[in-house]
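User: I would like to learn how to read a structural model feature by feature, with the general idea set out before each case. Could we work through one together?

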Amino acid sequence: MSARILDGNALSADVRARLAEQVSQIKLRGITPCLAVILVGDNPASAVYVRNKVAGCEKAGMRSLRFDYPADVAPQVVLDKIAELNADDSVHGILVQLPLPPQFDEKAVLEAISVDKDVDGFHAENVGRLSQGQRAFFPCTPHGVMKLLEAGHVDVSGADAVVIGRSNIVGKPMAMLLTQAGATVTVCHSRTRDLASHTRRADILVVAIGRPMFVTGDMIKPGAAVIDVGMNRIPAGMPNEGKLCGDVDFASAKDVAGAITPVPGGVGPMTITMLLSNTLESAERQAERQEGRA
Ligand SMILES: Nc1nc2c(c(=O)[nH]1)N[C@@H](CN(C=O)c1ccc(C(=O)N[C@@H](CCC(=O)O)C(=O)O)cc1)CN2
Ligand SMILES: [Mg+2]
């Protein structure tokens, strides 16, 4: 049997339609949600993501501001822009597109963004709040995965979940969100011994390791939900060379899994959708604060 497809494009379209309605509601209260996006350098993939973020805002009825800097910009220039945007009440979300060029201290840049406008959810305080189950902006990719599991009726509470990858952007927050939702979570990574012994126990397997088609069908528990966060190009010499592929070998995995995300069209589209959702949430928090003061 072939696995059910967890379709990120379809879910994204549904969520974005609802967001657009909520945006029109908050505009009636005198607030237009606004996202500021900072892009440094000329990484072509980053340029596409930033363009899609700006276009996503426009389609949802939100404002966006975009600031582009050359790859050799002095980090202080970007830090000054962040300080200006932090102080601007008409801006609800601020993000700096990653990766940054080598002269940047990424952590210092992320910490410079106001916690209240950190719609990427990368600031240490938001991470800490998430880890304690407090109200926080959740990082967009893992947040999108939780929405895909929910929409796909995958039971998280009580499930054995395995996350491959321990990055700050995906693996670690993913593990925290799954834990909060009641899963028993194992985080595996490049040093994990006998990886397949872990993956074969997983009712939910989230793969964010950055290696093309690394997880194959024989590593998957029959009926498991398999979430592929990878985005790679098919290596030279293989069929479909240069095409986009995930960290999961979809062809063999789909015959074993109960549900699976494709690449493209799975987790990726949900990342920008959850960013828009966080920006709206930030604007709603501002409305609550203003109306509380009135
Ligand atoms: N500041 C941030 N930087 C980065 C983040 C982030 O969340 N915040 N995540 C990634 C890049 N990213 C958004 O920024 C992102 C990656 C992929 C997609 C997506 O829709 N992928 C499509 C395929 C796109 C293609 O054809 O190339 C898919 O999977 O279907 C959206 C956003 C790193 N940096
Ligand atoms: Mg890793």
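Analyst: Let us begin with the overall layout, in which the C-alpha centres of domain 1 and domain 2 lie 29 Å apart. The chain is divided into domain 1 (29–114) and domain 2 (140–268), and such bounds come from an automatic or database domain assignment. This is a predicted model, in which local features need pLDDT of at least 70 and side-chain atom pairs count only at pLDDT 80 or more, while totals for chains, interfaces and linings use all residues. Residues are numbered from 1 along each chain as its sequence is written, and chains are lettered from A and ligands numbered from 1 in the order in which they are written.

User: What is the mean pLDDT of the chain?

Analyst: pLDDT is the predictor's confidence in each residue, on a scale from 0 to 100. Here the mean over the chain is 97, and 100% of its residues reach 70 or more. For the complex, the predictor gives an ipTM of 0.96 and a pTM of 0.97.

User: How should I read a sheet, and what is the order of the strands in the open sheet of six strands?

Analyst: Strands of a sheet pair through backbone hydrogen bonds, either parallel or antiparallel. Strands (E, at least two residues) and helices (H or I, at least four residues) are DSSP runs numbered from the N terminus, and two strands pair if DSSP finds at least two bridges between them. In this model the open sheet of six strands has the order 1-11-8-7-5-6, with parallel pairing. Its edge strands are strand 1 (4–5) and strand 6, each of which pairs on one side only.

User: Which residues stand opposite each other, V162 being one of them?

Analyst: Strand 5 (residues 160–164) and strand 6 (residues 184–188) run parallel and are joined by five bridges, with V162 standing opposite T186 in strand 6. The chain passes from strand 5 through helix 7 (residues 171–180) to strand 6 in a right-handed β-α-β crossover; right-handed means that, with the strands pointing away from the viewer, the path from the first strand over the helix to the second runs clockwise. Elsewhere, strand 7 (residues 204–207) and strand 8 (residues 225–228) pair in the parallel sense over four bridges, and V207 stands opposite D228 in strand 8.

User: How many bridges join strand 2 to strand 4, and in which sense do they run?

Analyst: Strand 2 (residues 34–40) is joined to strand 4 by four bridges, and the two run parallel, with L95 in strand 4 as the bridge partner of V37. From strand 4 (residues 93–96), G93 and L95 point one way and I94 and V96 the other way, and all are buried. A residue is buried if 20 or more other C-beta atoms lie within 10 Å of its own, exposed if 12 or fewer, and partly exposed in between, with C-beta atoms placed from the backbone.

User: Is L85 buried or exposed, and why?

Analyst: L85 is buried because 21 other C-beta atoms lie within 10 Å. L85 lies in helix 3 (residues 75–86) and touches A36, V91 and I94, not counting residues up to four places away in sequence; contact requires that the two C-beta atoms, placed from the backbone, lie within 7 Å. The C-alpha atoms of L85 and A36 are separated by 7.7 Å, although these residues are 49 apart along the chain.

User: How do I read a nonpolar core, and which residues have the most contacts inside the largest one?

Analyst: In soluble globular proteins, nonpolar side chains tend to be buried together. A nonpolar core is a set of buried Ala, Val, Leu, Ile, Met, Phe, Trp, Tyr and Cys residues joined through C-beta atoms within 7 Å. The largest core in this model has 84 residues, and those with the most contacts inside it are L205, V206, V207, V226, I227 and A257. Its largest share, eight residues, comes from helix 10 (residues 267–293), and the core draws at least three residues from each of domain 1 and domain 2. Leaving aside neighbours within four places in sequence, V226 is in contact with L205, I220, V248, A253, A257 and I260.

User: Which backbone details deserve a look?

Analyst: One is the cis peptide bond between L98 and P99, with omega about 5°, where P99 is found in the loop between strand 4 and helix 4 (106–112). Another cis peptide bond joins V263 and P264, with omega about 0°. Phi of M213 is also positive, about 55°, although M213 is not a glycine.
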